[in-house]
Amino acid sequence: MSDPQARPNRLPWPPFIYLAAIAASLFAHIFFPLPWIGAPLSDILFAVGWLAVAATIALEYTAMRTLVRARTTIMPNRPSEHLVTSGPFSFTRNPIYLGNTLLMIGIALISGIAWFLPLALIAAFATQKLAIEREERHLHARFGKRYNDYARRVRRWI
């Protein structure tokens, strides 16, 4: 791996990971459909799914706006110019990745495609291993004690 202070990754893994998980969910549903919960619980889950999608939009929009205002990159493969600890970054160190996972869960609840649930968790795990852990090394190398103090105060996910 390259110098962690220069940049966290060569590729922006998370978008690829979540798109692959969505594609795999759809593919698996077509060829190996899983049963889904029947009414009336499915109606409640449908509504909860839309709330999850709305929460995702709010979370990701606010996180991206916070990064832009801090004049640092949104791209996970570029170096961070500033340590952002405000907005949604005050309660999760990875609000965009949390939003991506929440979006997949919301889609599962809306569509009734059960494959989205385990693949959301697999995508979150892959994101942690391929991106988050490398981003954390990058942030530690760039910001040292400030990042360590922040990481002790704020959880990685929720």
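Biologist: Is lysine 145 buried or exposed?
Modeller: In this predicted model, lysine 145 is exposed, with a relative accessible area of 60%.

Biologist: Which side chain does lysine 145 meet in a salt bridge?
Modeller: Lysine 145 pairs with aspartate 149, at 2.7 Å from N to O. Aspartate 149 counts as partly exposed, at 22% relative accessibility.

Biologist: How many residues apart are aspartate 149 and lysine 145 in helix α5?
Modeller: They are four residues apart, so about one helical turn separates them. An α-helix has 3.6 residues a turn, and therefore residues three or four places apart point the same way.

Biologist: Which residue forms a salt bridge with glutamate 133?
Modeller: Lysine 129 does, and the closest N and O atoms are 2.9 Å apart. Both residues belong to helix α4 (residues 116-143), where they are four residues apart, or about one helical turn. Lysine 129 is partly exposed, its relative accessible area being 40%.

Biologist: What about arginine 156; which glutamate does it bridge to?
Modeller: Arginine 156 forms a salt bridge with glutamate 136, with 2.7 Å between the closest N and O atoms. Arginine 156 lies in the segment after α5 (145-153), whereas glutamate 136 is in helix α4, so the pair ties together parts that are 20 residues apart in sequence.

Biologist: Is glutamate 136 buried or exposed?
Modeller: Glutamate 136 counts as buried, at 14% relative accessibility.

Biologist: Changing topic to helix α2: what span should its 29 residues have?
Modeller: Helix α2 covers residues 41-69 and, at 1.5 Å a residue, should span 42 Å. Its end C-alpha atoms are 42 Å apart, so the model agrees with the expectation.

Biologist: Which residues of α2 are buried?
Modeller: The buried residues include Ser42, Leu45, Gly49, Ala52 and Val53. Further along α2, Thr56, Leu59, Glu60, Ala63, Thr66 and Leu67 are also buried.

Biologist: What do the buried residues of α2 pack against?
Modeller: They pack against α3, which covers residues 95-111.

Biologist: Which residue with a positive phi follows α2?
Modeller: Arginine 71 follows α2, and its phi is positive, near 60 degrees.

Key:
Residues are numbered from 1 along each chain as its sequence is written. This is a predicted model: local features need pLDDT of at least 70, side-chain atom pairs count only at pLDDT 80 or more; totals for chains, interfaces and linings use all residues. Side-chain values use heavy atoms; hydrogens and water are left out. Helices (H or I, at least four residues) and strands (E, at least two) are DSSP runs, numbered from the N terminus. The expected span of a helix is 1.5 Å times one less than its number of residues. Buried means under 20% relative accessible area, exposed over 50%, partly exposed in between (1.4 Å probe, protein chains only). Contact means heavy atoms within 4.5 Å. A salt bridge is a side-chain nitrogen of Lys or Arg within 4 Å of a carboxyl oxygen of Asp or Glu.
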